[in-house]
Amino acid sequence: IFYKNPKKIFPICIGKASTETAESLNNIFKNKKIKLSKGIVVVNQENYKKIKNFKSFISSHPLPNQKGIEASKSIIQYLKKTDENDLILVFISGGGSSLLPLPSDGLSLKNKIDINKKLLESGANIDEINCVRKHLSKIKGGNFLKFCYPSKVHSLILSDVVGDDLSSISSGLTVPDPSTFVDAKNILKKYGLWEKVPKKIFNHLLGGINSDKLETPKTGNKIFEKSKNTLIGSNFKSLDEIKRRCINKKIMAKIWKKNIEGDVKKVAFNFIKDLKI
């Protein structure tokens, strides 16, 4: 294990399942010699509750708000307490992109909400939306690890994204970003939005295209040397486990499809048609 015998463990739970995650962590470490440092939870209002040994922030989903920015800044301050002998445990679940917003310098939350709304209305898919989000953020697209380095980081991730692309879940907070500022510009052009974005966003993206210093971190960057990402749950994993248990109980089971996207009525129709119901 690359983080054997850490001096301290700093837990951060981000997403709609973060309160349950924090409670589980407290149970796991209850009788361990090494104790958890006081952690942070960032969660939506509907799933909020107080958790012992964690400071909880109520943020907003699906649209980000000022509380999310305050939570993001608090995490950055929290990470300043860590050093190279510490382990940062990051638990990520659905909704992280909205719950943890932190616009790049010079951009406002209103700018990000505006372009996100336009992308959603345009029909852009989640990967395309996340590409633009990452290039307007201080922490998404792997940038989160800049504030963790040189501590060791292990991210345990629950996927809410079809295909389980780690760089897409919560906009890839702790994952190398394969997309670029040029990709973000091309996506906006594809949906006729490039000439309609707020001037500050337009100028920021142009600045990123013209300067490598603003680009999101890629594979090979030193900030990923002490970082590990583990997918601990997903629709795929759930389907496989359900099938396995059914077979063990001599119940016939078949996974119809793993990558289901599209209009729910059409998907339901095709499901019934394939099963010949």
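This is a predicted model: local features need pLDDT of at least 70, side-chain atom pairs count only at pLDDT 80 or more; totals for chains, interfaces and linings use all residues.
Phenylalanine 271 sits in helix α9, which covers residues 264-275.

## Aromatic pairs

Phenylalanine 271 also has a ring partner. Its ring centre and that of tryptophan 256 are 5.0 Å apart with the planes at 75°, so this pair is edge-to-face. The two residues come from distant parts of the chain, 15 residues apart: tryptophan 256 is in the loop between α8 (235-248) and α9, while phenylalanine 271 is in helix α9 itself. Tryptophan 256 has a relative accessible area of 22%, so it counts as partly exposed.

How many aromatic pairs are there? The count comes to three. One of them joins tryptophan 194 and phenylalanine 202, with 4.7 Å centre to centre and 40° between the planes, which makes the pair tilted. As for cover, tryptophan 194 is buried at 6% relative accessible area, whereas phenylalanine 202 is partly exposed at 25%. Two numbers carry these descriptions, because a pair of aromatic rings is described by the distance of the centres and the angle of the planes.

## The open sheet

Now for the sheet. Six strands form an open sheet, and reading across it gives the order β3-β2-β1-β4-β5-β6, with parallel pairing. Which strands are at the edges? They are β3 (54-59) and β6 (227-233), each of which pairs on one side only. From one strand to the next, the twist averages 15°.

Here are some of the individual pairings. Strand β1 (residues 9-14) runs parallel to β4, and six bridges join the two. Isoleucine 9 is found opposite leucine 87 of β4. β1 also pairs in the parallel sense with strand β2 (residues 39-44), here over three bridges. Cysteine 13 has valine 41 in β2 as its bridge partner. On to β5 (residues 152-158): this strand pairs with β4, again in the parallel sense, over six bridges. In that pairing, isoleucine 88 is opposite valine 153 of β5.

## Strand β4, inside the structure

Why is strand β4 described as largely enclosed by the rest of the structure? Six of the six residues in β4 (residues 87-92) are buried, so the strand is largely enclosed.

The side chains go both ways. Leu87, Leu89 and Phe91 point to one side of β4, Ile88, Val90 and Ile92 point to the other, and all of them are buried. As background, side chains in a regular strand alternate between the two faces of the sheet.

## Two cis peptide bonds

If you are checking backbone geometry, here are two places to look at. The peptide bond joining histidine 61 and proline 62 is cis, with omega about 10°. Proline 62 belongs to the loop between β3 and α2 (66-79).

The other place is the bond from tyrosine 149 to proline 150, also cis, with omega near 10°. Where is proline 150? This proline is in the loop between α5 (126-134) and β5.

Serine 170 is not a glycine, yet its phi is positive, at about 50°. The residue is part of the loop between β5 and α6 (181-190). Is serine 170 buried or exposed? Its relative accessible area is 6%, and buried means under 20%, so serine 170 is buried.

Lysine 250 is another residue other than glycine with a positive phi, here near 60°. Its place is the loop between α8 and α9, and tryptophan 256 is also in the loop between those two helices. Lysine 250 has a relative accessible area of 75%; exposed means over 50%, so this lysine is exposed.

Terms used: Residues are numbered from 1 along each chain as its sequence is written. Side-chain values use heavy atoms; hydrogens and water are left out. Buried means under 20% relative accessible area, exposed over 50%, partly exposed in between (1.4 Å probe, protein chains only). Helices (H or I, at least four residues) and strands (E, at least two) are DSSP runs, numbered from the N terminus. Two strands pair if DSSP finds at least two bridges between them. Rings of Phe, Tyr and Trp (its six-membered ring) pair if their centres lie within 6.5 Å; planes under 30 degrees apart count as stacked, over 60 as edge-to-face and the rest as tilted. Axes are lines fitted to C-alpha atoms, for helices over the stretch in contact, and angles run from 0 to 180 degrees between N-to-C directions.
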